[in-house]
Amino acid sequence: MNKDGMHLVREGTAQWQGLPGRVAGVLLLSLILGSMVFLWPVAADPADSPREITLVTRNMAFYLDGSDVPNPVLTMRAGEALRIVLRNEDIGITHSFEVGAWDQPVLSAKGGLTEVMVIEIPNYPGRYEYVCSPHPTLMRGVVEVIKAD
C-alpha cells in the first residue's frame, strides 16, 4: 500500500479497491429507481383500477366528499369495481354503509376513522336503498345502478 491508500498490484499500476465499481453501481441503481418513480404512473393502466367514491359521515348524514348535499343519490355502473372510502367525522359514533339488497359485506367506521372496501356492483340496473345500519331512519339514500357503457 502506498501513501495514497492504494494497493500496488504491479509496480506502476494502482488498484482502487473497487471504488469506481461501487460508485458506478450506486449511480446505476439510482438511475433505475428514479426512472421507476417517474415512469410508474405512466405505465400503470388506470382502467385496471376501481373507480373511487368517498362518503363522509357527519351530523348523522352521508355526504359525497366536497358536497353539502345530505344522503345523496349515488350513481354506479352495473358490474364495475368500486372502491368505497367511508370517512367518519362523527367522533364517538360508529357509522356503516350497507346496501341491503346486495350480497356485499358491510363497511363500518368508528368515529374519527376512515375505512375502505372494494366491491363489485351487481349487474342489475335499478335503484337500491343504502343505509347506516345503526342509524337507518336518519342515514339513508339511494344507489342508482345504470347500465355499463
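**Exposure, contacts, strands and a cavity**

Q: What is the relative accessible area of Arg83, and how is Arg83 classed?

A: Arg83 has a relative accessible area of 29% and is partly exposed. Buried means under 20%, exposed over 50% and partly exposed in between, with a 1.4 Å probe and protein chains only. This is a predicted model: local features need pLDDT of at least 70, side-chain atom pairs count only at pLDDT 80 or more, and totals for chains, interfaces and linings use all residues. Residues are numbered from 1 along each chain as its sequence is written, and side-chain values use heavy atoms, with hydrogens and water left out.

Q: Which strands form the open sheet, and in what order?

A: Two strands pair if DSSP finds at least two bridges between them. Here 4 strands form an open sheet in the order β4-β3-β6-β9, with mixed pairing. The edge strands are β4 (61-64) and β9, and each has a single partner strand, so one side of each is left without a neighbour in the sheet. On average, neighbouring strands of this sheet are turned by 25 degrees against each other, direction ignored.

Q: In what sense do β6 and β9 pair?

A: β6 and β9 are antiparallel, with 7 bridges. Arg83 has Val118 of β9 as its bridge partner.

Q: Which strands pair with β10?

A: β10 pairs with β7 in the antiparallel sense, over 2 bridges. The bridge partner of Glu98 in β10 is Val131. β10 and β11 also run antiparallel, joined by 6 bridges. There, Tyr130 stands opposite Gly141 of β11.

Q: What is a salt bridge, and how many are found?

A: Side chains of opposite charge can pair when their charged atoms come close. The criterion is a side-chain nitrogen of Lys or Arg within 4 Å of a carboxyl oxygen of Asp or Glu. The whole structure has 7 salt bridges by this search.

Q: What does the salt bridge between Arg51 and Glu80 tie together?

A: The side chains of Arg51 and Glu80 meet at 2.8 Å, N to O. Arg51 is in strand β3 (residues 51-58) and Glu80 in the loop between β5 (74-77) and β6 (81-88), so the pair ties together parts 29 residues apart in sequence. Arg51 is partly exposed at 28% relative accessibility, whereas Glu80 is buried at 9%.

Q: Which residue forms a salt bridge with Glu52?

A: Arg83 does, with 2.2 Å between the closest N and O atoms. Glu52 lies in strand β3 and Arg83 in strand β6, so this pair ties together parts that are 31 residues apart in sequence. Glu52 is partly exposed, with a relative accessible area of 43%.

Q: Where do Arg127 and Glu144 lie?

A: They form a salt bridge with an N to O distance of 4.0 Å. Arg127 belongs to strand β10 (residues 126-131) and Glu144 to strand β11 (residues 140-146), so the pair ties together parts that are 17 residues apart in sequence. Arg127 is exposed at 55% relative accessible area, and Glu144 is partly exposed at 28%. Salt bridges that share partners also join Arg51, Arg77 and Glu80 into one network.

Q: How many cavities are found, and which residues line the largest cavity?

A: On a 1 Å grid over the protein atoms alone, a cavity is a set of points where a 1.4 Å probe fits but cannot get out, and lining residues have an atom within 4 Å of a point. Points are joined across faces, edges and corners, and the volume is the space filled by probe spheres set on them. The search finds 1 cavity of 30 Å³ or more. The volume of the largest cavity is about 60 Å³. Its lining consists of Phe97, Glu98, Val99, Trp102, Gln104, Pro105, Met117 and Ile119. β7 (95-99) and β9 (114-120) are the elements that give two or more residues to this lining, and β7 gives the largest share, 3 residues.

Definitions and conventions: 1 Å grid on protein atoms, 1.4 Å probe; cavity = no way out; pocket = protein on both sides within 12 Å on 5 of 7 lines; lining within 4 Å. Axes fitted to C-alpha atoms, helices over the stretch in contact; angles between N-to-C directions.
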